[in-house]
Amino acid sequence: MNVYDGQRLAALLEKRGMAPATDVADADVILLNTCAVRAKATDKVYSALGRIRRVKKPDALMGIVGCVARESGGDAFRRVPDLNFVLGPQSYHKIIDILDNPDTKLLNIDMGGLEKFDALPPMTKSPLVAYIPVQEGCNHCCTYCIVPYTRGREISRAPIDVMRDVKTAVDGGAIEICFLGQNVNGYNYIDENGVTHRLSELIRETAKIDAVKRIRFTSSYPTEMTDDLIDMFRLEPKLLPFLNMPIQSGSPDVLTRMNRPSDANQYIDIVTRLRAARPDIQISSDFIVGFPGETDTDFDQTMAIAKHIGYINSYCFKYSPRPHTAAATMPNQIPDQIKAVRLAKLDGLLNEIQRTFNESCRDKIFDCLFEGPDKTGRHLVYRTPFMQQTIVVREQNGHTPPMARIRITDANKASLRGEFVD
Ligand code: SF4
């Protein structure tokens, strides 16, 4: 979502005749597009602002947008007095106002619903992967999560608007469409005739477009994985066999305190149905270790479910108390040393699972999407249908097909190596 927001902010500024600066010291406008999901991310924003204010031009406009802006509100001006603007995730299109009135301070953290989408200029040129938001916000209220506060209640965009964005992106060069939402599979739009539109319909319509070669969506809530959506994995080959469906913990007690579905059998049943629909599907998850009250037994249950499902490419984090959330004031907060030990243990297991999966890909051939050159410029980076990073030696003739058949020749935990098949 932040990548998408960043692209749209850049498009807004470019429409005003601005261009990216190569160095922050040369910039006329400096904005940090921020994430508030963990305390560390918020801290990093303020230390970055401290560094930037020492090198920026005296008259450069500096501000924050996104979830930290919403979280901090007017307090951000107190912490960093030379900030010029603080714009929440649903009001960042108002950045134009500060360009028109650079001598004012601009604070807007309103939850404007879908208004911003109408205010954003169409993306006439698209990267190969186009991020298309279908909904914003979340109604689930997990007790650790700041998203319902920073992004608000769920709101789904009309299918006609989503499909217009898909077609514009495809005309601009996109060949992979990634539907986005904090609770993307909760997408639920009821039109003026009372007809309900679901994510499966958007996938079906998008798959009909010849130029679209791959479709995915993120991030999914387990119990919103309805039959029509599971069926898409059976019916639409363009839908990638890879799904991020966070479980967060394997302990029913912890999940209950997190206000998440606590029945592991229900989760396992969803994965079983997904695998029946698409036998090669791979699942990734997010995990939180050290949630308030998490015992060794609870943690062992998390290790057990991680092993049982065999998640690839997952993320695990130490629990971090966030303002405006119920878990921040729960009793039995876990000491950091215990969190660190559990994190290392779970990370070790997830890395091992990922390494085993990557090694199982050796000698297989995949249709892969070009992502860009690597840092050295001597290699090309592609993504398999399971989103594994795949490194290919750049050929003499500079041939970089947007989609390529690649045979996997080597694998480690983090990435694959491969060669073009033809
Ligand atoms: S479902 Fe995801 S976005 Fe919604 S409250 Fe829970 S963790 Fe946050």
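Residues are numbered from 1 along each chain as its sequence is written. Because the model is predicted, local features need pLDDT of at least 70 and side-chain atom pairs count only at pLDDT 80 or more, whereas totals for chains, interfaces and linings use all residues.

The chain is assigned domain 1 (2–108), domain 2 (122–240) and domain 3 (365–420), with bounds taken from an automatic or database domain assignment. The C-alpha centres of domain 1 and domain 3 are 35 Å apart.

Helices (H or I, at least four residues) and strands (E, at least two) are DSSP runs numbered from the N terminus. Helix H10 (residues 227–235) and helix H12 (residues 264–277) have axes that come within 8 Å and cross at roughly 30°; axes are lines fitted to C-alpha atoms, for helices over the stretch in contact, and angles run from 0 to 180 degrees between N-to-C directions. H10 is therefore roughly parallel to H12 (angles under 35 degrees). Ile230, Asp231, Phe233 and Arg234 of H10 meet Arg273, Leu274 and Ala277 of H12, contact requiring C-beta atoms, placed from the backbone, within 7 Å.

Threonine 218 and serine 219 are joined by a cis peptide bond with omega about 10°. Serine 219 is located in the loop between strand E11 (214–218) and H10.

Asparagine 313, a residue other than glycine, has a positive phi near 55°. Asparagine 313 is buried, with 20 other C-beta atoms within 10 Å (the cut-off for buried is 20 or more, C-beta atoms being placed from the backbone).

Methods: Parallel < 35°, antiparallel > 145°, perpendicular 65-115°, else oblique. Contact = placed C-beta atoms within 7 Å. Buried ≥ 20, exposed ≤ 12 C-beta atoms within 10 Å, placed from the backbone.
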